[in-house]
Amino acid sequence: MKCYPIEAGKFKLDGGAMFGVVPKSLWSRTNPADQDNLIDIGARCLLIEDGNRLILIDTGMGNKQSDKFFSHYKPWGKDDLEQSITNAGFHRDDITDVFMTHLHFDHCGGGVEWNANRTGYNTVFKNATYWTNEEHWLWATQPNPREKASFLSENLNPIETSGQLSFIEKTASPFLDKSELGFGVLFVDGHTDKQMIPHIRYHNKTLVFAADLIPTAGHIPIPYIMGYDTRPLISMTEKERFLKEAADNEYYLFLEHDAYNPIITVKNTEKGVRLHQSFTFEEIFN
């Protein structure tokens, strides 16, 4: 097995929305805001080469939306999903599996693009199976009013009509020891229903793709919960349990949304679990 970090783009989000009820005077210490109260956000994906499989975890938001849409998120930098895959030595047609942690547009939008005539949409990874789970798919395709703006039909319908959609089988336990893709999956419900958090054994370490369970290193304190979370009290319980396990077992957390801290570890302190170290991917796995 070999893993590659894939940079799918950077954008900005409102700092208050990203930290919920936490005062700006606290969250701005780790995630400083600009004059519009926006903070820097990454869209960092993970590519896993494992035997005959080339698995991409999440795809960023893509580039098919309107200028008006992107004006709300202020894209910045030169990162690009397809170019990053090329830089890793692959072509997008090499991808065999796309694993979507959840179906909010900034996690799955890069998996669908305009067709050649801009009259409809195609899947970007034509040779890949697109993986979600059935409960989350129903949650996303019959959205509640709070999340409706995050579950976009142009991201979801083309995957279904392509015939490339498959579901991860979920057990009664929140943690699936080994999914159809060969790695463990933790199911969490605070941010959105049945978000999936991959746990990958790599170089004798546990690498956890943290998705929106731990969006940035600034979100480690338990009350630092995004305003986007549908069930914030459940988020706190899930995050507390996960971070204790991560500290006790020395997990390496792959941060999808942290523009500056690709991988972190955490440690137990008198004040609870806190940041231990921050690394680039190359510092740990090359």
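## An aromatic cluster

Tyr-202, Phe-209, Tyr-252, Phe-254, Phe-279, Phe-281 and Phe-285 are linked into a cluster by ring pairs. Two rings of Phe, Tyr or Trp (the six-membered ring of Trp) count as a pair if their centres lie within 6.5 Å; planes under 30 degrees apart are called stacked, those over 60 edge-to-face, and the rest tilted. This is a predicted model, in which local features need pLDDT of at least 70 and side-chain atom pairs count only at pLDDT 80 or more, while totals for chains, interfaces and linings use all residues. Residues are numbered from 1 along each chain as its sequence is written, and side-chain values use heavy atoms, with hydrogens and water left out.

The structure holds 16 aromatic pairs. Tyr-252 and Phe-279 form a tilted pair, with 6.0 Å from centre to centre and 45 degrees between the planes. The pair links distant parts of the chain, since Tyr-252 lies in strand S13 and Phe-279 in strand S15, 27 residues apart. Strands (E, at least two residues) and helices (H or I, at least four) are DSSP runs, numbered from the N terminus. Tyr-252 is buried at a relative accessible area of 17%, and Phe-279 is buried as well, at 15%. Buried means under 20% relative accessible area, exposed means over 50%, and partly exposed lies in between (1.4 Å probe, protein chains only).

Strand S12 is mostly covered, with 4 of its 5 residues buried. S12 pairs with S11 in the antiparallel sense over 4 bridges; strands count as paired if DSSP finds at least two bridges between them. Within this pairing, Arg-201 stands opposite Thr-206 in S12. S11 and S12 form a hairpin with 2 residues between the strands, and His-203 there takes a positive phi near 55 degrees.

S12 also pairs with S13, here in the parallel sense and over 3 bridges. The bridge partner of Phe-209 in S13 is Phe-254. Both Phe-209 and Phe-254 belong to the aromatic cluster.

## Helix H8

Helix H8 covers residues 232–248, and its 17 residues should span 24 Å at 1.5 Å a residue; the end C-alpha atoms are 24 Å apart, which agrees. The expected span is 1.5 Å times one less than the number of residues. Ser-235, Glu-238, Lys-239, Phe-242, Leu-243, Ala-246 and Ala-247 are the buried residues of H8. They lie on the same side of H8 because they cover an arc of only 155 degrees around the axis, the arc being that of the directions from the helix axis to the C-beta atoms.

The face of H8 turned away from the buried side carries the exposed residues Leu-233 and Arg-241. The buried residues of H8 pack against strands S10 (184–188), S11 (195–202), S12 (205–209), S13 (252–254), S14 (263–269) and S15 (272–279). Contact here means heavy atoms within 4.5 Å. Just after H8, Glu-250 has a positive phi of about 55 degrees.

## Helix H6

In helix H6 (residues 134–141), the buried residues are His-136, Trp-137 and Ala-140. They cover an arc of only 105 degrees around the axis, so they sit on the same side of H6. The buried residues of H6 pack against strand S7 (129–132), helix H7 (153–162) and strand S8 (165–167).

Strand S2 (residues 38–50) is mostly covered: 10 of its 13 residues are buried. S2 pairs with S1 (residues 2–14) in the antiparallel sense over 11 bridges. Glu-7 has Arg-44 in S2 as its bridge partner.

S2 also runs antiparallel to S3 (residues 53–57), joined by 5 bridges. Ile-48 stands opposite Ile-55 in S3. S2 and S3 form a hairpin with 2 residues between them, and Gly-51 in the turn has a positive phi of about 65 degrees.

## Cysteines

The structure holds 0 disulfides, a disulfide being a pair of cysteine sulfur atoms within 2.5 Å. Cys-45 is buried, with a relative accessible area of 0%, and Cys-108 is buried at 1%.
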